[in-house]
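User: I would like to go through this model and hear, for each label, what value stands behind it. Where shall we start?

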Amino acid sequence: MEKRKVPRHIAIILDGNGRWAKAKGMPRNYGHAQGSKNVERICEEAWRMGIKYLTVYAFSTENWNRPEGEVAALMTLLRNYMKTCLKTAAKNDMKIRVIGDIEPLDADIKNRIRELEEATVGNGGLNFTIALNYGSRDELTRAARKMAADCAAGKLDAKDIDEGVFESYLDTHGIPDPDLMIRTSGEQRLSNYLLWQLAYSEFYFTDVPWPDFTKEELEKAVEEYNHRHRRFGGVEEA
């Protein structure tokens, strides 16, 4: 029997928290709270399966447009999650990285993010990346601004810009591109998520809302990934 390939890097769009809660007669914030708890469970299961990198879409640049009360509740949840994440990282030897523009966030959240990254930088387990106040178009725009500034300062010659140089200016520099992107809760779009990085990734969409996404659901996604014939420029993946 052919050995199952485990994706090195999985990216997930954590969708359906609010709808899941509404279906149970609960407020949307309850769904977000349960969804954050599920992140911890899936991190542990992913590492056990041999997945080295996991990136989750936690809060997008567009999420600021949600009702003020919901955004405030999400920020409170984020504060609490940062505390929990530090404990989880220590227990599971996880290395945490946050991508996105964190400058608009409150000072205490930014400080906790920096503390979390610094405290886990030497860990050797799962490389866990949280996309926070992240939007791919915003990431690409910020990268272009940085390159333009470096060109103006004489640090970079425009003729030397290639894909590798461009990648080094992205939030995800140094992280391998995802092999598999999973989106929960039935929607089939990228929603401004990792547009550069997902150029050659496999996509897996499931109707299961994020709070109900279990180890078994993750295994289904990996099994489907194994049925795909990955080709790059018409050449079969080695």
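Analyst: With N17: setting aside neighbours within four places in sequence, N17 is in contact with G31, H32, G35, W210 and P211, where contact means heavy atoms within 4.5 Å. This is a predicted model, in which local features need pLDDT of at least 70 and side-chain atom pairs count only at pLDDT 80 or more, while totals for chains, interfaces and linings use all residues. Residues are numbered from 1 along each chain as its sequence is written, and side-chain values use heavy atoms, with hydrogens and water left out.

User: What makes N17 count as buried?

Analyst: Its relative accessibility is 10%. Buried means under 20% relative accessible area, exposed means over 50%, and partly exposed lies in between (1.4 Å probe, protein chains only). N17 is therefore buried. N17 lies in helix α1, residues 17–23; helices are DSSP runs of H or I with at least four residues, strands are runs of E with at least two, and both are numbered from the N terminus.

User: Why are α2 and α7 called oblique?

Analyst: Two packed helices are described by the angle between their axes and the distance between the axes. The axes of α2 (residues 28–49) and α7 (residues 215–227) come within 10 Å and cross at roughly 45°. Axes are lines fitted to C-alpha atoms, for helices over the stretch in contact, and angles run from 0 to 180 degrees between N-to-C directions. Angles under 35 degrees count as roughly parallel, over 145 as roughly antiparallel, 65 to 115 as roughly perpendicular and the rest as oblique. The two helices are therefore oblique to each other.

User: Which hand does the crossing of α2 and α7 have, and which residues make the contact?

Analyst: The crossing of α2 and α7 is right-handed; that is the name when the near helix is turned clockwise from the far one by less than a right angle, and left-handed is the name when it is turned anticlockwise. I42, E45, A46 and M49 of α2 meet K215, L218, E219 and V222 of α7. By class, the contact holds five nonpolar, no polar and three charged residues. Here Ala, Val, Leu, Ile, Met, Phe, Trp, Tyr, Cys and Pro are nonpolar, Asp, Glu, Lys and Arg are charged, and the others, Gly among them, are polar.

User: How do you know that α3 is roughly parallel to α4?

Analyst: The axes of α3 and α4 (residues 107–120) come within 10 Å and cross at roughly 15°. That angle makes α3 roughly parallel to α4. The crossing is left-handed. On the α3 side the contact involves M75, L78, R79, M82, K83, C85, L86 and A89, and on the α4 side D108, I109, R112, I113, L116, A119 and T120. These divide into ten nonpolar, one polar and four charged residues.

User: Why is L78 called buried, and what is it in contact with?

Analyst: L78 has a relative accessible area of 9%, so it is buried. L78 belongs to α3, residues 68–92. Apart from neighbours within four places in sequence, L78 is in contact with I109 and L132. L132 is 54 residues from L78 along the chain, and their C-alpha atoms are separated by 9.7 Å.

User: What makes K110 and E103 a salt bridge?

Analyst: The closest N and O atoms of K110 and E103 are 3.5 Å apart. A salt bridge is a side-chain nitrogen of Lys or Arg within 4 Å of a carboxyl oxygen of Asp or Glu, so the pair qualifies. By this rule the count comes to 19 salt bridges. K110 is buried at 14% relative accessible area, whereas E103 is partly exposed at 47%.

User: How do you know that E217 and K220 are about one turn of the helix apart?

Analyst: Both lie in α7, three residues apart. E217 is buried, with a relative accessible area of 12%, and K220 is partly exposed, at 47%. Elsewhere, salt bridges that share partners join D15, R19, R183, E187 and R189 into one network.
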